[in-house]
Structures are given as C-alpha cells and as structure tokens.
Amino acid sequence: MEDLIYVIIAIVLIAVIVLALNIKIVPQSKAYVIERLGAFNATWQTGLHVKIPIFERVTKIVSLKEQVVDFKPQPVITKDNVTMQIDTVVFYQITDPKLYTYGVEHPLSAIENLTATTLRNIIGELELDHTLTSRDTINAKIRGILDEATDPWGIKVNRVELKNILPPREIQDAMEKQMKAERERREAILRAEGDKESKILVAQGQKEAKILAAQAEKEAAILQADAVREAKIREADGEAQAIIAIQRAEAQGIELINKAAPTQGVIALRSLEALQKVADGQATKIIIPSEIQSVAGLATGIKELVKE
C-alpha cells in the first residue's frame, strides 16, 4: 500500500514537472515557431501557451524588433573605373516568423550578399562624382530592391544607409587639391565682387552728392528769384498805391475847389503861381495863355495906381 502511494506521488511529481516544462510564456516583441511531429503547426505570439510534450517543439524564437546589421566594406567599381570601398548599414524587421524560419537558410548572409551585388550594380552605372553626391538616391534604390527580394523571407527592409565611401588614396589627394583650388577660386571671386560693390557704392555716393548739390543750387536760385520778384512786386505795389494816393489827393483838391466856387481872379492867380513853378525849371521858352496875359496886365496896372 505504501509503495502504491509512493508511485502515485512520483507520477504526480513527474506530471507537474512535465507540465511546468511545457508551459511557455512568450514575452513582448517575441514570437515562437512551433512544429508538431516535424511540421509547422503554429506561431505563438505574446502570452501564455502550453506545448504538447514529445509531439510539439519550439523550432525558433524570433525577435520582432527592428534590427540593425553593419556589413563590412565591399569593393565596388564606378562607371569611370574607380575602385572604392563602401560599407552599408541595413535596418530590417521580421514581419512573418514562419517565412523567416523556413524561407532562407541564413537570412543575414543572404541579405549581405544581396546588398553587395545590388550595390555593385547601382554604383557601376554612376561616375565617381555622382556617387559621392547621390547617397540618398543610392540608399533608396538599394532599399527598394532589398525590400522586394526579402519579402518572401518574411523580412521587411526599412532603411539602408551608406556608412562610408572610401575612394583610393590618390583619388582622395586629387579631390582635396580640387577642393582647395575651388575654395581659393571662390575666395578670389568674393573678394573681386566685394571690391566691385565697394567702388559702385562710392561712385553712387559721389553721384548722389553732386545731384543733391545741384538741386540745392537750383532751389537757392529759385528762392532768390522768388525773393527778387516779390520785392519788385511790393515796390510796384507801393508805387501804384502812391500814385493812387496822389490822384486821390488831386481829385479831392479839385473837388474842394469846385465846392468853393472860385472867382475868375482866384483862378488866374493860381495859374500865375503854377506858371511861376514852371518858370523855375530849365525850360527856355514859356507859352503864356491869353487869359493869364490879361490878368498879368491888370495886376501891373493895379501896381502902378498904388504907386501914384
């Protein structure tokens, strides 16, 4: 009886151990490829799974994270027969664990060889200068070809980068000399352009100064002419006002004389006074009206009577 109990306990312990060994917990970003009796059965994703002992086994544990592989430099020849070393970096991700497990024997080796042949084909169509300045184009072409080729393997190529492009040493020396000559040429051009702009600015400044001086002289002449014209206008206005004042005074004097109704004798005497003023001038001949002559004779007669 005790032996039977020991056997049952042993069987239970073995069952617990077997069950514990066949309970699988798949972690995040992992996938388990399961085979049953040597054939593919299922792909376990994240979570708890139980494997049937003896009949099932975990064939491959696949990481679903994006992975990076840096391939060693590959010798390539450009269209103008320049041999250079180029190493590439490939970023890929496994999208189908089943295809990744059964699609290709050595996936990384396959990707490396495919990258090398694709790189040689692309670089062989480009010249050296174009190769050095077309990294983005080359990266895009390689990525497209690799992504299409690796799709049956359950691999997606997300990005391809040319890490280093190393031409031969003599080519590097020639490129450095060319770059130095180009920098010196640009420096000479910039210096010449600076001198040219400086001279242009000086000439423009002199031209603008002369224009401003001429404009100032012109404005000063215009102002002077305006001042002279205004002075003449004021002088003419003054003379006109004086003439008008004299004419008004004469008119008022005539008006007063007319209002006073002078006798003929008073008029004659006024005429004599006017004649006297005329005689004070430089005239050599004086014409005396007959009326004044009669008045003058009358005045002489009166003078003689007073003497008697």
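This is a predicted model: local features need pLDDT of at least 70, side-chain atom pairs count only at pLDDT 80 or more; totals for chains, interfaces and linings use all residues.
Trainee: Which strands form the open sheet, and in what order?

Mentor: Three strands form it, in the order 3-2-5, with antiparallel pairing.

Trainee: What makes strand 3 and strand 5 the edge strands?

Mentor: Strand 3 (39-44) and strand 5 (56-63) each pair on one side only. Neighbouring strands of this sheet are turned against each other by 25° on average, direction ignored.

Trainee: How do you know that strand 2 and strand 5 pair?

Mentor: Two strands pair if DSSP finds at least two bridges between them. Strand 2 (residues 30-36) and strand 5 have seven bridges in the antiparallel sense, so they count as paired.

Trainee: Which residue of strand 5 is the bridge partner of alanine 31?

Mentor: The bridge partner of alanine 31 is valine 62.

Trainee: What makes the phi of serine 29 worth a remark?

Mentor: Serine 29 is not a glycine, yet its phi is positive, about 65°. Most residues other than glycine have a negative phi. Serine 29 lies in the loop between strand 1 (23-26) and strand 2.

Trainee: Where does leucine 37 lie, and what is its phi?

Mentor: Leucine 37 lies in the loop between strand 2 and strand 3. Its phi is also positive, about 55°, although leucine 37 is not a glycine.

Trainee: Why is leucine 37 called exposed?

Mentor: Exposed means over 50% relative accessible area. Leucine 37 has a relative accessible area of 67%, and therefore it is called exposed.

Technical notes
Residues are numbered from 1 along each chain as its sequence is written. Side-chain values use heavy atoms; hydrogens and water are left out. Helices (H or I, at least four residues) and strands (E, at least two) are DSSP runs, numbered from the N terminus. Axes are lines fitted to C-alpha atoms, for helices over the stretch in contact, and angles run from 0 to 180 degrees between N-to-C directions. Buried means under 20% relative accessible area, exposed over 50%, partly exposed in between (1.4 Å probe, protein chains only).
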